[in-house]
Amino acid sequence: MSDTALPLEKWLPQICEIAYDAGQLISEYYHQTEEVDVERKADGSPVTEADKAADKLICLALKELTPDIPLVTEESVEDVPFEKRQAWSTYWLVDPLDGTKEFIANTGEYSVNIALVHNHHPVMGVVYGTELGDMYFAYKNQELDQNTNTKINRAAKLENLMPTKSKQKLDWLNLVEQAPSIHVAALPESDAPYRVAVSRRHGGELQRFMGQLGHYSKVKMGSALKTCLVAEGKADIYPRFGPTSLWDTAAAQCILEVAGGAVLNAAGHPLEYIQTKSLLNPFFIAVSHKDHNWPAFPEVM
């Protein structure tokens, strides 16, 4: 499937709507009075009823929208063996509830992540921070604008999309068209601190890295929303030196790249989305400026 065969601009409002609907469903679990059931996967990570419900909603909606494009999600990956997905060149990559620990801890800093991967790179991404009311989205087209002779790419942010009980039908086409574009910020002056997006749970390797940055301040956030903070200019870097999977990063990487930044591995190359048995990422940094002399870090521990 060629780039020009993917109607990204047409699909985008529909993908935003799917992410919003999934977020609304998750929020019902988040705000319910009864405690949400939590299970443990084989790797020890938690999964809740909300993860599973959102996964089902997103999978059904994507299969209806694009029946010929396969998908892999965090909650369904065990149902799709590597032998079946290893040859996929185009597929949906979904984390129905990124930041399950944040969901359980009631910080509200979880997100719905939906990405379209084509030839090992994310070409569309939507990240919806339900409780914060922020939705980020981007797409990458290879078509050229006849007026500017540049590729038609766009990253933008919708705000105040808070969960509601009214289940109102939103005009997603108009919302997406009117959403303000986002761009990474200029790097701080020599006497200003780097703004480092961090989770509320980070280890020694991150502390060592930040020490190499010198003057810095922390911007605390959960899930893929940390990368989105870099994309909209509210942070300069998000270093991640812990285990992540492809569905954790793909949507936000697309958003950050279109906004002018990058998600880089230890060799300074953008993360790629090649099907493997584990679907694990190496350590990475999400940065506002890929050519800046960022401190070195290991590929993995």
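The model being predicted, local features need pLDDT of at least 70 and side-chain atom pairs count only at pLDDT 80 or more, whereas totals for chains, interfaces and linings use all residues. Residues are numbered from 1 along each chain as its sequence is written, and side-chain values use heavy atoms, with hydrogens and water left out.

Threonine 66 is found in the loop between H2 and strand S3 (71-73), where helices (H or I, at least four residues) and strands (E, at least two) are DSSP runs numbered from the N terminus. With a relative accessible area of 3%, threonine 66 is buried; buried means under 20% relative accessible area, exposed over 50%, and partly exposed in between, with a 1.4 Å probe and protein chains only.

Tryptophan 92, not counting residues up to four places away in sequence, touches Trp11, Ile15, Leu62, Thr66, Ile69, Pro70, Leu71, Val72, Ile114, Ala115, Leu116 and Met124. A nonpolar core is a set of buried Ala, Val, Leu, Ile, Met, Phe, Trp, Tyr and Cys residues joined through side-chain atoms within 4.5 Å. In the largest such core, which has 42 residues, Trp92, Ile114 and Met135 touch the most other members. Elements giving two or more residues to this core include helix H1 (8-31), helix H2 (49-65), strand S4 (90-98), strand S7 (134-144) and helix H5 (172-178), and the largest share, eleven residues, comes from H1. Apart from this core lies another, of 40 residues, among them Ala138, Leu225, Trp247 and Leu279.

In helix H6 (residues 204-213), the residues Glu205, Leu206, Phe209, Met210 and Leu213 are buried. These residues cover an arc of only 130° around the axis, which puts them on the same side of H6, the arc being that of the directions from the helix axis to the C-beta atoms. On the other side of H6, Gly211 and Gln212 are exposed. The cover over the buried residues of H6 includes strand S9 (194-198), strand S10 (216-220), strand S11 (237-240) and strand S13 (284-287). Just after H6, glycine 214 takes a positive phi of about 90°.

Side chains of opposite charge can pair when their charged atoms come close. With a salt bridge taken as a side-chain nitrogen of Lys or Arg within 4 Å of a carboxyl oxygen of Asp or Glu, the count comes to nine. One of them joins the side chains of lysine 169 and glutamate 17 (2.6 Å, N to O). Because lysine 169 lies in the loop between S8 and H5 and glutamate 17 in helix H1, this pair ties together parts that are 152 residues apart in sequence. Lysine 169 counts as exposed at 70% relative accessibility, whereas glutamate 17, at 19%, counts as buried.

A salt bridge also forms between lysine 140 and glutamate 257, with the closest N and O atoms 2.2 Å apart. This pair links distant parts of the chain, with lysine 140 in strand S7 and glutamate 257 in helix H8 (residues 246-259), 117 residues apart. Lysine 140 counts as buried at 17% relative accessibility. Salt bridges that share partners, in turn, join Asp134, Lys157, Glu159, Glu232 and Lys234 into one network.

Notes
Contact = heavy atoms within 4.5 Å.
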